[in-house]
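Hello,

I am handing over the structure we spoke about. Please open it first, then read my notes below.

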Amino acid sequence: KSMSIKDHLAMKNIIIERVQDITLAQKYQNEISRLFDEYEGDKPKYLKENELPEYIKTTQKGFLFELYIYNLIKDLNFDDIALGVKVHDYYIHDDYFSNEFDILIMKENHLHMIECKFRDDFDQRKTANFIYKLDSLRNTLDNDALMLFLTDDTLYNPQTDAEFEDMHAPYKRANARRIFLRGSPIGRTERFIKDVDSIFGLHTPANKAKTKPKRVETPTPKPLKVNKREALNAFVQAQLELEVDIFDTKEMRRLLNYKVHYRANERVNAKMQNDSFKNLIRFMSTIKDDSEIAFIYDYFQKQRGEM
């Protein structure tokens, strides 16, 4: 079961300050698409000002481009997707720096990003500098994070991309750092969508391209074990403010890594100093099969007051 973007960031002690509200963007999705799809050459042809809804008139073109990209890919086979996420990344006990991500996507418990730059002044130097900036954000997201960087400097086509990758140092540097540089997808949306699906390993079924797939839930255990398992899960989730299945060993390892070692998280740090609670976590992280749940549950019942 995949974590949400919110849970993933919380486990790294990264506080979400804001996630962009896309209610109006969804309402005007067709108008935003027309805004960019009606183009001449490699530049969008904006509709006449008196034809634009007020929301579009008062929204920066750069953010409208982000909405356009979001609308193109939002129905692909992501586990979670968010637009305009601003976070506080704590680096010492009570101080942080802010980061803002245009589009964050979660796939199989790996957090990736898409950066959208709607301007045509990205030369090699500016592109190289931006690659360094993106690479510096990798640990904030995920050590295995993939990054897609979209600009508006060229049409999105195979020949141009191949030439850039062969000739320009920023493209070579980006490829080495798992950062995918692309020109504007305007007018090449079908190829762009396929590319996004391939880069992030989404494997979106063709017949589900317009439908957000439901998450696959884990099978329900036998009734006798459900109560004990759910009680343990609910208790630890509440203590650490999580929604993941605590019995998933992969998630538990991530929990131990993120929660225990991020000392700025005072609440979790205090909990992990409690010997009884710490032992419960250790028991749950080493469980091999459901037959051991009864032993852990008995320990939990005896030590619950101290926890």
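Predicted model: local features only at pLDDT ≥ 70, side-chain atom pairs only at ≥ 80, totals over all residues.

H3 covers residues 29-37 and H5 covers residues 61-73. Their axes come within 9 Å and cross at roughly 105°. The two helices are therefore roughly perpendicular to each other, as angles of 65 to 115 degrees count as such. On the H3 side, the contact uses Gln29, Ile32, Ser33, Leu35, Phe36 and Asp37. On the H5 side, the partners are Lys61, Leu64, Phe65, Leu67, Tyr68 and Asn71. By class, the residues of this contact are seven nonpolar, three polar and two charged.

H5 also meets H10. The axes of H5 and H10 come within 10 Å, and the crossing angle is roughly 70°. That makes this pair roughly perpendicular too. H5 brings Tyr68, Ile69, Leu72 and Ile73. H10 answers with Thr189, Phe192, Ile193 and Val196. Seven of these residues are nonpolar, one is polar and none is charged. Tyr68 is on the list for the H3 contact and on the list for the H10 contact.

From H14 come Asp275, Ser276, Asn279, Leu280, Phe283 and Met284. From H15 come Phe295, Ile296, Tyr299, Phe300 and Gln303. The classes here are seven nonpolar, three polar and one charged.

Now the core. The largest nonpolar core holds 35 residues. Which of them touch the most other members? They are Phe36, Ile103, Val196 and Phe200. Several elements give two or more residues to this core: H3, H4 (54-57), H5, S4 (80-92), S5, S6 (110-116), S7 (147-155) and H10 (189-199). H5 gives the most, with eight residues. Phe36 is part of the H3 contact with H5, and Val196 is part of the H10 contact with H5.

Leave out residues up to four places away in sequence, and Ile103 touches Glu66, Ile69, Tyr70, Ile81, Ala82, Leu83, His112, Met113, Ile114 and Cys116.

Next, Met106. This residue lies in strand S5 (residues 95-107). Is Met106 buried or exposed? It counts as buried, because its relative accessibility is 0% and the cut-off is under 20%. Met106 and Met3 are 103 residues apart in sequence. In space, their C-alpha atoms are 8.0 Å apart. Beyond its neighbours within four places, Met106 is in contact with Ser2, Met3, Ser4, Ile5, His8, Phe78, Asp79, Asp80 and Leu111.

Two loop residues have a positive phi without being glycine. For Asn109, phi is near 65°. Asn109 sits in the loop between S5 and S6. It is buried, with a relative accessible area of 5%. For His203, phi is about 55°. His203 sits in the loop between H10 and H11 (223-240). This residue is exposed, with a relative accessible area of 64%.

Look in the loop between strand S3 (43-44) and H4. Glu51 is partly exposed, with a relative accessible area of 46%. Glu51 and Glu31 are 20 residues apart in sequence and 9.6 Å apart in space, C-alpha to C-alpha.

Last, the overall figures:

- The protein has 15 helices and eight strands.
- Of its 307 residues, 47% count as buried.
- Take the contacts between residues at least 6 apart in sequence: 69% of them join residues at least 24 apart.

Best wishes

Terms used
Residues numbered from 1 in each chain as written. Heavy atoms only, no water. Axes fitted to C-alpha atoms, helices over the stretch in contact; angles between N-to-C directions. Helix = DSSP H or I, 4+ residues; strand = E, 2+ residues; numbered from the N terminus. Parallel < 35°, antiparallel > 145°, perpendicular 65-115°, else oblique. Contact = heavy atoms within 4.5 Å. Nonpolar A, V, L, I, M, F, W, Y, C, P; charged D, E, K, R; others polar. Buried < 20%, exposed > 50% of the residue type's maximum accessible area, 1.4 Å probe, protein only. Core = buried A, V, L, I, M, F, W, Y, C linked by side-chain atoms within 4.5 Å.
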